[in-house]
Amino acid sequence: MTMDVRLLRIDSRLLHGQVTTNWAKAIKVNRILVVSDRVAHDLTRKTLIVQAAPPGIRANVITVEKMIRIYHDPRFAFLKPMILVEDPVDARCVVEGGIKIDSINIGAISFDTTRVMVTDAIAVNAADVEAFKWFHDRGIKLDVRKVSNDSSKNLWKSLSEKGLV
């Protein structure tokens, strides 16, 4: 018996208003797991994220390795989490670790000098594109939505139109 992962979301902002209010209610989670080696080792960011959890839902910040370990541990089967990661590479590591999902929600990926804009809120670099190809090759849907009631857009279509895949 493993935990029932309600949503795996890529968002470079991790836990913020839209996520906490809309997604947590819409998908009825009982835990928010922020999975990031960087944040897990950054006490300030970790503290801010835990404090941003919506009322009645605990948030934990854990490493990728710990996420994989607790997913396979029957003692955590009661969890119905939303998993938040900062980038597609961390998402791929989580899924390669055995976490079962059939779609990934992509919220926002911040632009920087290594990335190109693909949509108004999503910028990708070569490593991100490789991770998205990996998901696509396994039939995992790349669902772009800021909040649950937005209409779903397929990121693969945007990547294709930009000539990135």
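Student: In which loop is the place of K28?

Tutor: This is a predicted model, where local features need pLDDT of at least 70, side-chain atom pairs count only at pLDDT 80 or more, and totals for chains, interfaces and linings use all residues. Residues are numbered from 1 along each chain as its sequence is written, and side-chain values use heavy atoms, with hydrogens and water left out. Helices (H or I, at least four residues) and strands (E, at least two) are DSSP runs, numbered from the N terminus. On that numbering, K28 is placed in the loop between α1 and β2.

Student: Is K28 buried or exposed?

Tutor: Buried means under 20% relative accessible area, exposed over 50%, and partly exposed in between (1.4 Å probe, protein chains only). K28 has a relative accessibility of 59%, so K28 counts as exposed.

Student: What is the phi of K28?

Tutor: Most residues other than glycine have a negative phi. K28 is not a glycine, yet its phi is positive, at about 50 degrees.

Student: L14 has a positive phi too. Is L14 buried or exposed?

Tutor: L14 is found in the loop between β1 (7-10) and α1 (17-26). Its phi is near 60 degrees, and L14 is a residue other than glycine. The relative accessibility of L14 is 1%, so L14 counts as buried.

Student: In which sense do β5 and β8 pair, and what is the bridge partner of S103?

Tutor: Strand β5 (residues 103-106) and strand β8 (residues 141-144) are joined by four bridges in the parallel sense. The partner of S103 in β8 is K141.

Student: Why is α4 described as roughly parallel to α5?

Tutor: Axes are lines fitted to C-alpha atoms, for helices over the stretch in contact, and angles run from 0 to 180 degrees between N-to-C directions. Angles under 35 degrees count as roughly parallel, over 145 as roughly antiparallel, 65 to 115 as roughly perpendicular and the rest as oblique. Helix α4 (residues 64-71) and helix α5 (residues 88-96) have axes that come within 9 Å and cross at roughly 30 degrees. That angle makes the two helices roughly parallel.

Student: Which residues make the contact, and how many of them are charged?

Tutor: Contact means heavy atoms within 4.5 Å. From α4 come V64, M67 and I68, and from α5 come D90, C93 and V94. Ala, Val, Leu, Ile, Met, Phe, Trp, Tyr, Cys and Pro count as nonpolar, Asp, Glu, Lys and Arg as charged, and the others, Gly among them, as polar. The contact has five nonpolar residues, no polar ones and one charged.

Student: Where is D128, and which residues does D128 touch?

Tutor: D128 lies in helix α6 (residues 126-137). With a relative accessible area of 2%, D128 is buried. Not counting residues up to four places away in sequence, D128 touches D87, P88, V89, R115 and A123.

Technical notes: Pairing = 2+ DSSP bridges.
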